[in-house]
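Here are a few exercises to work through with the model open. Keep in mind that it's a predicted one.

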Amino acid sequence: MMQRNNITVRSAEIPDIPHIAGLERECFSAPWSENAIQETMERENAVFLVAEYGGEICGYAGSYYAANEGYITNVAVSGKMRRRGIGRALVCALMEKARKMAFSFLTLEVRVGNTAAIALYESLGFENLGRRPRFYSNPTEDAYIMTWNIT
């Protein structure tokens, strides 16, 4: 568990799934179902974190790893709680786990139009290494491939 600026980041647990699914519906045009979230969380190579502010879940991040490579699948923060460092706290916690697990890199895709997320990732040392055409739907949009090389 990590705490900073009244934000607590901890490992997600099964009872958190309805809250995570709610964030999925609020933040994404193609949200994961509760079943998909649970199936993914239960994988041995998955890392799911939730962020709490004032005792309420207001964000989450999901990732998985293969060999010594980390892949961030989702980062979501409730609209009313944005611009408070919650996304940064979640991504920093994933970065710390990646460092401790001796990963070579941590990577993710982000909508090219999500300038706030892109700025956050760049401020944390992620680099734009390419573009995936039409990666997202509803609306259709390209994704940048952003990677943090762990040295």
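**Exercise 1.** Find the volume of the largest pocket and work out which element gives the most to its lining.

*Solution.* Start with the volume: the largest pocket comes to about 1200 Å³. Next, look at the lining, which has 40 residues; Phe-28, Val-75, Asn-114, Ala-117 and Tyr-121 are the closest to the pocket's centre. Then go through the elements: those giving two or more residues are helices H1, H3 and H4 plus strands E5, E6 and E7. The top contributor is E5, with 7 residues.

**Exercise 2.** Classify the aromatic pairs Tyr-71 with Phe-105 and Phe-135 with Tyr-136.

*Solution.* A search of the whole structure turns up 8 aromatic pairs. Take Tyr-71 and Phe-105: the centres are 6.0 Å apart and the planes sit at 90°, an edge-to-face pair. This one ties together distant parts of the chain, as Tyr-71 belongs to strand E5 and Phe-105 to strand E6, 34 residues apart. Now Phe-135 and Tyr-136: with 5.0 Å between ring centres and 85° between planes, this pair is edge-to-face too. The cut-off to apply is over 60 degrees.

**Exercise 3.** Are Tyr-71, Phe-135 and Tyr-136 buried, partly exposed or exposed?

*Solution.* Buried means under 20% relative accessible area and exposed means over 50%. Tyr-71 has 22%, so Tyr-71 is partly exposed. Phe-135, at 39%, is partly exposed, and Tyr-136, at 21%, is partly exposed as well.

Conventions:
Residues are numbered from 1 along each chain as its sequence is written. This is a predicted model: local features need pLDDT of at least 70, side-chain atom pairs count only at pLDDT 80 or more; totals for chains, interfaces and linings use all residues. Side-chain values use heavy atoms; hydrogens and water are left out. On a 1 Å grid over the protein atoms alone, a cavity is a set of points where a 1.4 Å probe fits but cannot get out, and a pocket is an open set with protein on both sides within 12 Å along at least five of seven lines; lining residues have an atom within 4 Å of a point. Grid points are joined across faces, edges and corners, and a volume is the space filled by probe spheres set on the points. Helices (H or I, at least four residues) and strands (E, at least two) are DSSP runs, numbered from the N terminus. Rings of Phe, Tyr and Trp (its six-membered ring) pair if their centres lie within 6.5 Å; planes under 30 degrees apart count as stacked, over 60 as edge-to-face and the rest as tilted. Buried means under 20% relative accessible area, exposed over 50%, partly exposed in between (1.4 Å probe, protein chains only).
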